[in-house]
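User: Please go through the terms used for this model and set each assignment against its criterion.

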Amino acid sequence: MTETQSLPPELASVADFLRQTLPFNVLPEGEVERIVHHMEIGYFRNGHVFNEKTREQGLRILRSGAVEIRSQDGELLDRLAEGESFALSGLLQQEPGVRAVLIEDSLIYFLPQEDYQQLRSHYRNFDRFFHGQRSRRLFRATRSMVSPDSMLVPITSLMATDLVTTTTQTPVCELAGLMSNRRVSSALVLDGERLVGIVTDRDLRTRVLAARLPPETPVADIMTPDPQHLTEKATIFDATLLMTRHGMHHLPVVRDEKAVGILTTSDLISARQDDPVYIVQRLTRQESVSAMKGVLRDIPQFLLRWNDAGVPADQVSHILTAISDAVTNRLIDIAVRDLGPAPVPYAWLCFGSQARAEQLLNADQDNGLIISNEATDEDMKWFEALAHRVSDGLNDCGYVYCPGNVMATNPFWRRRLSGWYEAVDHWVSSFNPNSVMEISIAFDLRTVNGEDELTHQVQSHMLERVQANSIFQAALAENVLEATPPIGIFRRLVVERNGDHKDTLNIKKRGLLPIIEITRLNALAAGIDRINTLERLQELARSKRMTRYDSRNLQDALRFLMQVRLQIQADQIREGEPLSNHCNPQKLPKLAREQMRDAFQLVDSAQKSVRLTYRQGMR
Amino acid sequence: MWLTRLRRHWARHRYARHPFPEPALQKLLDMPWPAGKQPWNEASWLAVDLETTGLDPRTGYVISIGWVAIEGGSIQLNTARHLLIDSRNLVGDSATIHHIRDSDRSEGVDLPAALRMLARALNGRIALMHHSPLDTGFLRSALKEQFGFDWFHPTADTLELEKKRLFQREQNMPRHALRLNTCRERYGLPDSQAHNALEDALATAELFLAWANHYGSPGPKVRDCLTSRP
């Protein structure tokens, strides 16, 4: 049949639809119209299966209906709805035996393999979309968000490389002469090329002069052995965190155990005035709560700047957590100045998001105290006083009192080590759904101030008890499954229908918390002592308690949702609106909305696997 | 159906000695009647829609024709055509209903050429329409007027098929239940932006696929689809 008439432009309904669909929206003008004429339309009933035996291979786009992609052994890999597409030939290469099963009657647009491949080879952006569909789409979204920022610059760009070095047997007087000649405040002690210690001006002052040691004393006697150090790959952010955490001013940089450079606090501060280190530094110098408030006032503006500079959300959270830690530490310092030194060793704990280093603005305070067993009742009063001062100070600084009263001021969260053991035993042996929810926060804990060893002991005890108790794990699992991701039966994002937050969804409650809780559950059950969620996920994959694939997917989903939440807060700061975790998906760009759907779907499947794994213990 | 076949038979007989001067139309006459027991998805179909002025072929005109073919059970978009008919004496308000502007009209093809193209597309295919009497009436009248040709073609009507299905299921039929978009809705098909002959033809073709796929195993045969109206 010969038909001479040129092709009609009027397949507008099909073309319009495609143009609103990923990734056809990236094709240049006219290209969609051209390929429409190569397409076929089919209608298939619920239950219809496409697999490797399907004669026609190519790209199938759902015009209406829904499909599930399942692996050879029936595992659900993906669920697609209107506007989404799949190419079985590509999926089969990654995942032999994969099939697509319709779960609703579907109208499907079909682009034959030849045309599909042609588009992929011609248009890079179109092609990228199909590089391992979906989970990798999300992967790319989070990875490509990283943009250069001064905090992420490797320390090699800032460190001094003309090192002043000495040996363990050199007399200190000789070293002091060398250091003053070279006008440096520290020297590295080497054994051959290996870094074995560090000596600073302050060491010479306090450990030699003040101790009235003879000038011939060998360096080995006064150096700080095995000093904290970083490798070349570390970023300025890592360095600043390590230094602020340990109150160090000199940080050796090491490659294969050989010293290659040294970094000082002044190097860091001179690098940038408006960065978080500077804030932390200033906080540690403030003498009163009101002065600290002044420093903290600028944080929202800094958050805006970091966000604009493309600092990834997990790093921003890291910074904000470091700031909370600094505030807490400074408040404890000020309190100790007034109350006198602590009578016995203790650990000041933070719980929840601060412990996980996942804070954002408007975090409340969640803290506790572990006190050494030797404390007398009199000593306990000192800690009560400390708790009140610090907690009040935190509240004044904007870290409001915890509504659930998870604070060191509450005797429940201020105990001797033995008391913590008893508490943990009690939580794990006799619990109800409410108590599980209340105490689950305590499984994310970290020392902010004091003896880390105390915290370690409590944490090990917790892990031991939870690992041994599958019924308690099941109770945690039930708690995890309570908040479901906002995906409706038609796989659309479900928003709130009315109230103050009409048309929005709570990204923290419905997305972030489920991921955090699922990860916590898995980490506890596996006896993993990491607290940060991303680190927990990495460790779960390393110890083979979770497949690398699932771990990566959850990490990507978490990073993405954190990024969206950061963006929401940044927008709210800019608009002067009150901070919230509510997000209107309609206001997101189409790609972000699709990615959000991907992220929520990953949460959904992670919850399903929790249900399967921990079901034995469930009632 | 038998009446259409009989009339077609007469027409064939009439032109048997002297081939019809229009080869495209003669081919339509030569086309064998489709086998009734053939499964629907092995037959070829052409969904056709006309936009016209008014509802009466004696006073109205064809403004545009759109069509698209179904082969092997799926719609082949490379067969889609949309022809605007160059006609100088358009009257009535259909032009406003159908968003056809004067400028569109002048770019059209003339009616005989359009009919020849349609005839070629119809060759070997069963016509498919939603509410066929109207479109068939206009086509038959145009072919008679332009070529003196009596057009009787195997035809399926989605409106009629859907009506039959609803009656079988003893559903009471609400008003507008048989409108194209209402029918589509019952199968979960997206709302169609009507009022362009090609898009209506496409919407009809999609409805037909949905109807056939819901027919029940093993699916309808050609004879289950053909309309009995002449």
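Analyst: The assignments follow, each with its criterion. This is a predicted model, in which local features need pLDDT of at least 70, side-chain atom pairs count only at pLDDT 80 or more, and totals for chains, interfaces and linings use all residues. Residues are numbered from 1 along each chain as its sequence is written, chains are lettered from A and ligands numbered from 1 in the order in which they are written, and side-chain values use heavy atoms, with hydrogens and water left out.

User: Why is A:Thr21 called buried?

Analyst: A:Thr21 has a relative accessible area of 2%. Buried means under 20%, exposed over 50% and partly exposed in between (1.4 Å probe, protein chains only), so A:Thr21 counts as buried. A:Thr21 belongs to the loop between helix H1 (12–19) and helix H2 (31–36) of chain A; helices (H or I, at least four residues) and strands (E, at least two) are DSSP runs, numbered from the N terminus. Leaving aside neighbours within four places in sequence, A:Thr21 is in contact (heavy atoms within 4.5 Å) with A:Ile61 and A:Gly83.

User: What makes the pair A:Arg70 and A:Glu68 a salt bridge?

Analyst: The N to O distance between these side chains is 2.8 Å. A salt bridge requires a side-chain nitrogen of Lys or Arg within 4 Å of a carboxyl oxygen of Asp or Glu, so the pair A:Arg70 and A:Glu68 qualifies. A:Glu68 is buried at 9%, whereas A:Arg70 is partly exposed at 23%.

User: Which parts of the chain does the salt bridge of A:Arg536 and A:Asp444 link?

Analyst: The closest N and O atoms of A:Arg536 and A:Asp444 are 2.8 Å apart. This pair links distant parts of the chain, 92 residues apart: A:Arg536 lies in helix H23 (residues 533–542) of chain A, and A:Asp444 in the loop between helix H19 (433–440) and strand E19 (445–450) of chain A. Both A:Arg536 and A:Asp444 are buried.

User: How far apart along their helix are A:Lys608 and A:Asp604?

Analyst: They are 4 residues apart in helix H25 (residues 590–614) of chain A, which means a separation of about one helical turn.

User: Why are E2 and E5 of chain A described as standing at the edges?

Analyst: The open sheet of 4 strands in chain A has the order E2-E7-E4-E5, with antiparallel pairing. Strand E2 (49–50) and strand E5 (76–81) each have a single partner strand, so one side of each is left without a neighbour in the sheet. Two strands pair if DSSP finds at least two bridges between them; strands E4 (residues 66–70) and E7 (residues 99–102) of chain A have 4 bridges.
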